[in-house]
Amino acid sequence: MVTSSPSLPSGSSMATAAPQDQDQIAYVHSVSSYSEEKKAITAEIKSVSGDSEGSEPHVQFINTDDPFPELPDAPVEEQQLTVRAVLVGCILGGIIAASNIYLGLKTGWTFGASLFGSIIGFAILKPLSRSAPTFLGGGYFGPKENNVCQSAATSAGSLGLLFTSGFPAAYQLGLLSANPKDDFARLITFTICCAFFGLSFTQPLRKFYILKLKLVFPSGVAAAYTIQSLHAGKNAEVTAKKKTKALFFSFLFAISLRVVSEYAPGLLWDWHIFYALNRIGWSSVIAAESWGWIWEWTPAFIGAGMLTGINASYSFIGGSFLAWAVLGPIIVARGIAFGTSADPSIPGYMNYMGMTLQDPINDPSPRYWLLWPGTLMLICASFAEVACNWRSLYAAIRSAFAMILQRFSKDGVVDEIVDTVPEHERVPFWAWGSVLVLSTIVTCVVMGVQFGQNVGITLLAIVFSFLFSFIGCESSGRTNINPVTSIGNASQLIFGGLGRGRNYSVQRGELLNLLSGMLTLGAAEQAGDMIGDLKTTHLLRASPKAVYVAQLCGAVVSIFMAAGLYVVFSTAYPCINDLSYTTCAFPAPDVQSWRAVAVAVSSSTLPIPPSSGYAAIALGLVAVISVVAKYTVVPPKYHDFVPNFNAIGIGFIMSM
């Protein structure tokens with residue numbers, strides 16, 4: 001988690017890690033806030049020198065804006081883009097794709113593959129480079145090639161969020177075939193539509209966000225320092241082995257626990273404490289069980305808590321408690337929401353999680369009632385963040401268009417942003433421009449032929465995808481959080497209104513806003529992830545062109561991995577796409593949000609209980625006020641104590 005601290009001017013005297021300390025950098029402890037004028041961002045790096053016994057750990061400040069100095073004894077990496085780096089990166093990205101679909105359906109959160117690809121890629125390729133002959137992948141393996149491997153992994157692991165949000169919502173609403181297997185071809189072609197926009201968008205934005213604004217992109221900085229520490233110094237391989245062992249044993253423990261727990265779920269996985277207390281005589285405590293208060297030993301949740309940090313974690317717990325221990329019992333007690341009997345043999349044991357409702361306005365379940373406040377908090381918090389940074393967003397849009405128009409200018413305008421990358425290592429305009437044009441043509445054809453969507457609406461969706469990519473890059477660069485779900489929901493609102501204006505049927509309107517929202521989500525997710533990798537590229541002095549090719553290869557892999565894994569998960573757990581199931585191993589909080597917005601913006605009458613709507617408006621306003629106060633009143637060093645309303649909203653949407 002990124003912690004803010006007072007900003008330092010760009011001209012400040014910044015200490016840099018001594019060469020002997022570079023391989024001992026442990027982690028990026030926090031990232032300071034930047035000044036409005038200079039935008040100089042620094043990261044606090046804890047480095048421990050091991051050269052002398054008994055030396056005390058010391059903290060140094062290292063400028064994260066400028067590329068790392070070249071290691072004096074390191075060989076020149078003439079071949080950064082190699083088959084071995086791309087192949088290993090794509091395989092590692094496939095592993096991340098599987099874990100992200102699982103984690104996204106479980107928690108609504110996904111994580112990039114940067115650090116995983118950096119460390120495991122090194123663990124595989126470094127020994128291979130020494131032991132194998134050249135024609136089988138041998139030869140020098142350096143930090144720049146490591147960056148290529150990491151970037152391929154990130155790209156191959158992307159796009160899973162499409163299948164933990166919009167597509168399950170479409171199946172739950174009956175907008176596609178009964179089974180995802182029957183739609184596999186359509187799933188593949190639509191994923192192709194989403195696979196390359198984000199990659200193309202990041203190229204004109206690289207100079208602005210990385211070279212001019214100098215945004216931190218904490219994951220990218222952490223990956224850069226990790227790669228540097230793995231390759232520099234006498235203890236690099238020892239450090240790499242320790243990190244690899246930690247990852248391997250963590251992975252092995254998580255897999256083993258999940259498999260073994262199937263034979264003793266009540267002991268090793270789900271602890272139904274309140275149900276057990278009810279069985280031994282405490283009858284009233286069954287109410288806590290009815291509201292889903294159980295202890296589940298899910299490694300995915302434990303890992304998510306480690307990665308998201310204290311602010312998001314306590315906000316999520318607080319949101320869950322407010323929803324499922326305070327508001328839920330209140331609305332049931334006052335006759336506003338209603339449950340059904342879970343087990344007639346146990347008095348008071350109720351099911352409050354139903355989503356198949358005959359009259360959602362007058363007879364909602366608590367889960368349905370709480371869905372709307374949670375969704376509106378997500379949207380309001382994300383767009384309040386954007387509004388508070390409107391100057392940067394406006395400057396980003398203006399600069400991006402200026403750089404594009406400059407390509408066609410005959411006036412010889414001098415670019416004010418100095419790019420230190422050699423010309424032959426930059427991504428030329430034709431390379432990313434042609435991918436953008438081809439993606440646009442393919443998307444128009446696929447959306448028109450397979451989904452019956454008007455070409456004009458498809459082009460408008462692509463334009464909004466580009467504009468919303470600014471939000472993804474801005475948020476990722478500043479906070480390491482990309483609010484892609486809220487970005488997609490906002491796009492749904494726009495195209496839902498467009499569908500109603502064109503008098504589309506309810507089902508066609510729902511499908512239109514879901515597909516358009518997923519186009520936007522895919523572009524914003526990829527843009528945020530890929531530009532983070534370009535930050536790593538910048539710090540390591542690697543080739544953006546080599547990284548771009550690796551990302552293109554990874555994107556191709558992500559198309560088939562994401563769609564294929566979704567079909568596998570849907571076959572194993574039909575409840576993901578079917579609302580008739582009262583319980584499901586996957587709560588799929590994002591799916592609920594997407595389905596709710598799709599129904600709300602396409603229906604002729606708003607299917608929201610009035611009391612839920614009023615509560616949503618009130619909590620949405622609180623979310624906006626909280627974000628505004630964070631940027632105008634609260635000092636940056638106290639930002640971690642300001643509640644994260646994105647996490648609170650997820651707590652409302654997820655059933656405990």
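**A first walk through the model**

Author: The protein has 23 helices and seven strands, where helices (H or I, at least four residues) and strands (E, at least two) are DSSP runs, numbered from the N terminus. This is a predicted model, in which local features need pLDDT of at least 70 and side-chain atom pairs count only at pLDDT 80 or more, while totals for chains, interfaces and linings use all residues. Residues are numbered from 1 along each chain as its sequence is written, and side-chain values use heavy atoms, with hydrogens and water left out.

Reader: How much of the protein is buried?
Author: Buried residues make up 55% of the 656 residues; buried means under 20% relative accessible area, exposed over 50%, and partly exposed in between, with a 1.4 Å probe and protein chains only.

Reader: Ok, so where is Thr154, and what does it touch?
Author: Thr154 is found in helix α4, which covers residues 143-156. Leaving out residues up to four places away in sequence, Thr154 touches Ala113, Ser114, Asp529, Met530 and Asp533, where contact means heavy atoms within 4.5 Å.

Reader: Is Thr154 buried or exposed?
Author: Thr154 counts as buried because its relative accessibility is 3%.

Reader: And which side chain does Thr154 join in a polar contact?
Author: The side chain of Thr154 is joined to that of Asp533 by a polar contact of 3.1 Å. A polar contact is a pair of N or O atoms within 3.5 Å; within protein, one must be able to donate a hydrogen and the other to accept it, and residues adjacent in sequence count only if both atoms are side-chain atoms.

Reader: What about Asn147, where does that sit?
Author: Asn147 is also placed in helix α4, and it is buried, with a relative accessible area of 0%. Its side chain makes a polar contact of 2.9 Å with the side chain of Gln150. Not counting residues up to four places away in sequence, the residues that Asn147 touches include Ile227, Asp533 and Leu540.

Reader: Switching topic, where is Tyr263, and why is it called exposed?
Author: Tyr263 lies in the loop between α9 and α10 (265-268), and it counts as exposed because its relative accessibility is 72%.
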